[in-house]
Amino acid sequence: MSQNDVAQAGRFTNKSAGHYNRLSLRNGVSLNGLTRNPLDLEIFFQAALFFISQAGKDDFLDQETFLARLEFFRSHHAAWLAGTTEEIYEWMQGCGLVVLTDDGVRFTAPVSDEFETTDAVVEYWRELEGERVRRRHRVRAQLQAKNREVNAPKPMSTDPELDRRLMQEALRMAKLAYDNDEVPVGAVIAMDGNIVAAAMNEVVTRHDPTAHAEMLVIRKAAAMLGNERLNGATLYVTLEPCPMCAAACSLARLARVVWGADDPDCGGMRGAIDVAAKAHLNHRPEMTPGVRRAECEKILQDFFKAKRKKAQA
């Protein structure tokens, strides 16, 4: 800083306050970093001297009081700066803003006559601090909105014909379940149009109430890929997943779930409940219902019709 800069360093005005508020939006900048724009360094020292001298009411302080005020300023109002109290003190002396004497520290900057009482200084500084907080909140909100926009999942490109072909494979697994006296639900997981794993309901066969087709196919795909997160994968299942399976789809980070028949009574993706939304899960797959709906509904209807007929007989 030049001698002229020193002469102006104590005159902290509303314009200076606005500049300092903009400086406070930075994070981790050093005093050396502020020298890239000499005005930034000047404004910083203006703010420091304004606070430490109580707007020029004190032109001399014992060293202990000076360092205590400087430390408070650094930790509360200049926490964004990557520098220590001792470093700031050395810079002030080096720039000639303060002079160390036998009795204490003397300010060389001119005394401000803008404030008549200490209470007025305190109120002014409180207003500046409030403005800094509001400005930081605005910038943070803008950055968060931008990050959400950038990181928002992009809609997947879909191929209706491919969906029909892969649902046909899920139907083939459902027919195997039918033949094994299981509720006829089949599922496949595909990536880039290629089947990674296929499964059918095996609740009765395994004596396992969680052995739904979706649960089994997710386990198989995760083991096959060596990853518990199935990013980019699509699940094809003949019946809308139940709440348990819907939660598993979110936890597995499936990109998309395609199903055939809706389940308005027990469905966990939109039928009875939207589990991902209700549980505030971090991930929610895209949903495509109604692919080969008639065929998926028919195999379920035929299965339960045969069950009722057998029970009556």
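Thr85, Ile88, Tyr89 and Met92 are the buried residues of helix H6 (residues 85-94). Buried means under 20% relative accessible area, exposed over 50%, and partly exposed in between (1.4 Å probe, protein chains only). Seen down the axis of H6, these buried residues fall within an arc of 100°, so they line one face of the helix. The arc is taken from the directions between the helix axis and the C-beta atoms.

This is a predicted model: local features need pLDDT of at least 70, side-chain atom pairs count only at pLDDT 80 or more, and totals for chains, interfaces and linings use all residues. Residues are numbered from 1 along each chain as its sequence is written, and side-chain values use heavy atoms, leaving out hydrogens and water.

**Around helix H6**
- Glu86, Glu90 and Gly94 are exposed on the other side of H6.
- The cover over the buried residues of H6 includes helices H3 (31-34), H4 (38-52) and H5 (63-77). It also includes strands S2 (98-100) and S3 (105-107).
- Contact means heavy atoms within 4.5 Å.
- Helices (H or I, at least four residues) and strands (E, at least two) are DSSP runs, numbered from the N terminus.

- An open sheet is formed by 5 strands in the order S5-S4-S6-S7-S8, with mixed pairing. Two strands pair if DSSP finds at least two bridges between them.
- Strands S5 (194-200) and S8 (286-288) stand at the edges with a single partner strand each, so one side of each lacks a neighbour in the sheet.
- From one strand to the next, the twist averages 20°.
- Helix H10 (residues 213-225) lies across strands S4 (186-191), S5 and S6 (234-239). H10 runs at about 140° to S5. Axes are lines fitted to C-alpha atoms, for helices over the stretch in contact, and angles run from 0 to 180 degrees between N-to-C directions.

**Strand S7 and its partners**
- In S7, 6 of the 6 residues are buried, so the strand is largely enclosed by the rest of the structure.
- S6 and S7 run parallel, joined by 5 bridges. Leu235 stands opposite Val257 in S7.
- The chain passes from S6 through helix H11 (residues 243-251) to S7, in a right-handed β-α-β crossover. Right-handed means that, with the strands pointing away from the viewer, the path from the first strand over the helix to the second runs clockwise.
- S7 (residues 256-261) also pairs with S8 in the parallel sense, over 3 bridges. Val258 stands opposite Thr288 in S8.
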